[in-house]
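Visitor: I have a protein model open, and I would like to learn how to read it. Could you walk me through some of its features?

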Amino acid sequence: MALNAASHNIPGEKTGPVTAAPPSVGDDSKKDILENASAETTGQSAPGRDGDGKDVPKKVKTEKELEKERKKAEKDAKFKAKKAAQAAAGPAGKEGAKAGGKEKKKEEKEVLPEYVNETEPGQKKVLKSLDDPFNKAYIPKVVESAWAAWWEKEGFFLPELKDGKVKEAGSFILPIPPPNITGKLHCGHALATALQDVLVRWHRMRGFTTLYLPGCDHAGISTQSVVENMLWRREKKTRHDLGRPKFLEITMAWKKEYHDNINRVLKRMGGSFDWTREAFTMDKNLSAAVTETFVRMHEEGLIYRSNRLVNWCTRLNTALSNLEVDNKELSGRTLLDVPGYERKVEFGVITHFNYPIDGTDEFIEVATTRPETMLGDTAIAVHPNDERYKHLLGKKGKHPFIDRLLPIVGDDYVDPEFGTGAVKITPAHDPNDYAIATRHNLEFINILNDDGTMNKNTGKFEGQKRFDTRYAVTEELTKLGLFVKKVDNPMKVPLCNKSKDVIEPLMKPQWWMKMKGLAEPAIEVVRSGKVTISPAPMEKIYYHWMEHINDWCLSRQLWWGHQIPAYFVNIEGESGDRSDNELWVTGRTEEEAQNKAEAKFQGKKFTLERDEDVLDTWFSSGLWPFSSLGWPKKTLDMETLFPTSFLETGWDILFFWVARMIMFSLHLTGKIPFSEVYCHSLIRDSEGRKMSKSLGNVIDPVDIMEGITLQQLNEKLLVGNLDPKELKAAERYQKSSFPQGIPECGADALRMALVGYTTGGGDISFDVSVIHGYRRFCNKIYQATKYVLGRLGEFTPRATITKTGKESLPERWILHKLSTASKLINERLEQREFSTSTQVAYRYFYEFLCDTYIENSKAIFDSKGSEGEKESAKQTLYTAIEGGLLMIHPFMPFLTEELWQRLPRREGDETRSITVASYPQYIREFDDEAAEAEYELLVGCSKALRSLTSEYAIKESATTFIQPLNDSTHVALTSATSLPSIRALAGKTISNISILSPSDPAPTGCAVYTVGASATAFLDIKGRVDIDKEIAKAKERLKKAGEMVEKQKKILAGEDFEEKVSAAVKETEREKLKAAEVDAGNWEMSIQQFEKLKIT
């Protein structure tokens, strides 16, 4: 079973790509399934249609059916003619005659024409015969075609209300975290969609009123940056050349193209969205919500105008949020590329220099990582108790370049042990200095223009670029004898994550929001449990940020976005200060703003000038849960579907988005926006590196779903703006990771793999090979269902899911497994144990249903059972496969719909789609622990025999023994039905199985496999293996098993394991330890047997 060994990590270790690919189909299983699958088994949507037909009279065909067959025959004839022509064009003679077997199969596969979906868009899919070339085996693009359009047209995903209210089961409302419209969706979006849709589909199938609301975010700065770059590349024009209205028109057209691409991918992923409610943050109603919020909160005094420090990008000419700033860590002197500079710029050093003390011969030494900012210094600060500088308090330093005196002040913030103990103060360009200057009422002097050049306050340096000034200032200080030294200094350099420019703290008059009063109730709803945040560590991070929250800068110097509904009042004859909050009015309309200004400035003549800035994108995003449902209007959706239920997002935007949604919602609606927040992990590549275009490891989910060649991957790199060095590195990564490109995996495999990765632990190390493993699992499901349809034939399932009381032991066992798996998977999903929920579904379908029950059923169907036994087996087989498809549907919606539609319906069941069918639940009647214990013994014995023959490569005529370890096991194994079941499950390589008694001596010359605490299996290997070689191999395996035991013990003994790890993960890790200990014991006993055999 493909369990994720990283379901719990040793503290400090990352979640890795350790989920093994699903096990390959066993040779016997594969042969039998494929043999039965090759029969004419189209399945049916209702009793009496297209069964196996072996034991029933053939139905007389209508003229319409005969005509359909004629057309199909013509199509097949053309297809065969095409193959013949291609074969004739290839190698002939002896070389051609040699081509056979696998090569022949490969040739046939290669000539399969391009698949064309014949279903009209929005119509129910036309299901072709499973004997059709495109349906013989699982092909993702075939299976996944047509369903999404039909689901949407039929309205299966609309929220179902009863008498205007949510259904009795409750509601599950999930607005999508709106993706930015700036480009293609990546695997992080695919992960989010998979997790969200699993929960939505699961709730829908359990009778909840559900809504998965789609939409996009306008992504102000990102979108404007992309469009401006595009304009310059194509037309060598700036936005100013076009003017604001034309630029916004072009941007909106660009938005539509990318928005449509995003929606196509979301539909391709199988997201069960209600597209009739799709929202966009700049839609009319959502824009009205933004205006309402700004005006209301300005009227309440929560939004105000002030001249304060912001993160300024000189390249983009706008303020940025902290989220849009990346901090690059440097260990020492480093030369960095900075946009707009031909030579690299020095960072990671600290420059010491002296300021002369005015009126004395003394100097005071200060240090800075940004020498150019000394042009904006307005003071020098020391600790008030520092004996070295007490005599200088109240005196002034003299600026060497500008006619300016710098008061020396005492402040407790200064650390006397750090550096020289004296700190230069640049209030207009440093947040710490800003706070000191505020306390001491110091002057704020801005030295930069918006484009990063020095302004008139810098004297002879005016007009120079800031980093050119860095070198010029150092040279001038050296000439004056004031330069002291320059040394390495570890530091962080703030970079704009869009332009890669170095961020400057800059004083700007902007709009701000008071946050502390809003944060307090938002903290309380989490502490009280009204809103839960998981995984648990995220809650602590939330508290830390909210308890240390600062006011929020709302302004952005952009055109694309929500223009701020604030108006500056230009009073005739006065020159007003634009940072003065009292000279601004806000309004939902300009008329409302005019009325406010007239009331405030009675008797004065004035004109209104609207602020050209737009709001931070996170402002509108913070309103998303309720603005997307119609707020501020009183809509039915707001009345019935708000608050929403669940928010799934990345932990990295917990503060920037999640916290603000909670604050806005509590303040504006009086309600929480959602009751649960789940933070998923971040996706890294298979080597654990962050996804980055420069590394070439950003993977398009569409490429995984549809497949792509290595050459096409390389070509995609050329579309970006990678420099030649990055391009070479990216190509090397792609060649090493995808030497054959990426195979077609399909949406279902991608979804289940991503959900399986979600352990709630560290970052995800993403490996495409794991996804391809789940594609093989899809094929297992496909072929198994195909086999079942062939066995059912003309068959009507019972109206209800019940027992007759006449079920055989294997039937009782599989029904018990279905019921317990249903209970377990519901619990796992309820607890948001995503990874273990996939394991439950996988294990039920693969291990219990396919590899065990189906294998066992063959003996009954192959003329060894009575008609009554066959009918009972069919009913159970139907219930088991139906339950399996329903169970796995939320994870794999396309495959399960395709196969479920082929199953016959139960009497009275008019369910039209699996999307609205009932999810499997625990059925007490199916509980049968006695059957489980008895049959699992047989399964365990057969598994042991298969493992032994596989390990020692015994292909035929294997002689085996099973020795029960107690009398009750002996009784069970010697019952009349036990040995036939073991033979059916053990495979055809075994010719002889002997059941020993507990008192018999253990057979010699055998490899050993322990079956729990109940029995031991032996495989006679005398004369069939190289004993010395096997002893060496066994010792190596014993060593590895021992290492695994120690690793699991370390995990179980890890710090806080018992307190912090979920029950599901604890159970999984303990099972792994138990399995490792059993494995070690098996190798020890085998070595003992081999040593005895060697002596004899």
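**Reading the model step by step**

Guide: Let us begin at a proline: Pro643 sits in the loop between α19 (636–641) and β28 (646–650). Those labels come from DSSP runs, numbered from the N terminus: helices are H or I runs of at least four residues, and strands are E runs of at least two. The model is a predicted one, where local features need pLDDT of at least 70, side-chain atom pairs count only at pLDDT 80 or more, and totals for chains, interfaces and linings use all residues. Residues are numbered from 1 along each chain as its sequence is written, and side-chain values use heavy atoms, with hydrogens and water left out.

Visitor: Which kind of peptide bond runs from Phe642 to Pro643, cis or trans?

Guide: In general, most peptide bonds are trans. The bond from Phe642 to Pro643 is cis, with omega near 5°. Another cis bond joins Ser534 to Pro535, with omega near -5°; Pro535 is in the loop between β21 (532–534) and α15 (536–547).

Visitor: What is the average pLDDT of the protein?

Guide: pLDDT is the predictor's confidence in each residue, from 0 to 100. Here the protein averages 87, and 89% of the residues score at least 70. Over residues 1–67, however, the pLDDT is below 50, and this stretch has 150 contacts in the model beyond near neighbours in sequence. A contact means heavy atoms within 4.5 Å. Residues 77–108 also stay under 50 in pLDDT, and the model has eight contacts for them beyond four places in sequence.

Visitor: At what angle do the axes of α7 and α24 cross?

Guide: An axis is a line fitted to C-alpha atoms, for helices over the stretch in contact, and angles run from 0 to 180 degrees between N-to-C directions. Angles under 35 degrees count as roughly parallel, over 145 as roughly antiparallel, 65 to 115 as roughly perpendicular, and the rest as oblique. The axes of α7 (residues 187–205) and α24 (residues 746–757) cross at roughly 90° and come within 9 Å, so the two helices are roughly perpendicular to each other. Among the residues making the contact are Leu191 and Arg201 of α7, and Leu750 and Arg751 of α24.

Visitor: And how do α22 and α23 pack, at what angle?

Guide: Helix α22 (residues 710–719) and helix α23 (residues 724–737) pack at about 160°, their axes 10 Å apart, which makes α22 roughly antiparallel to α23. Their contact includes Leu713 and Asn714 of α22, together with Ala730 and Glu731 of α23.

Visitor: Is Ala219 buried or exposed?

Guide: Buried means under 20% relative accessible area, exposed over 50%, and partly exposed in between (1.4 Å probe, protein chains only). Ala219 is buried, at 4% relative accessibility, while Lys500 is partly exposed at 45%.

Visitor: Which residues does Glu292 contact, leaving aside its neighbours within four places in sequence?

Guide: They are Arg588, Trp631 and Pro632. Glu292 belongs to helix α11 (residues 284–299) and is buried, with a relative accessible area of 13%.
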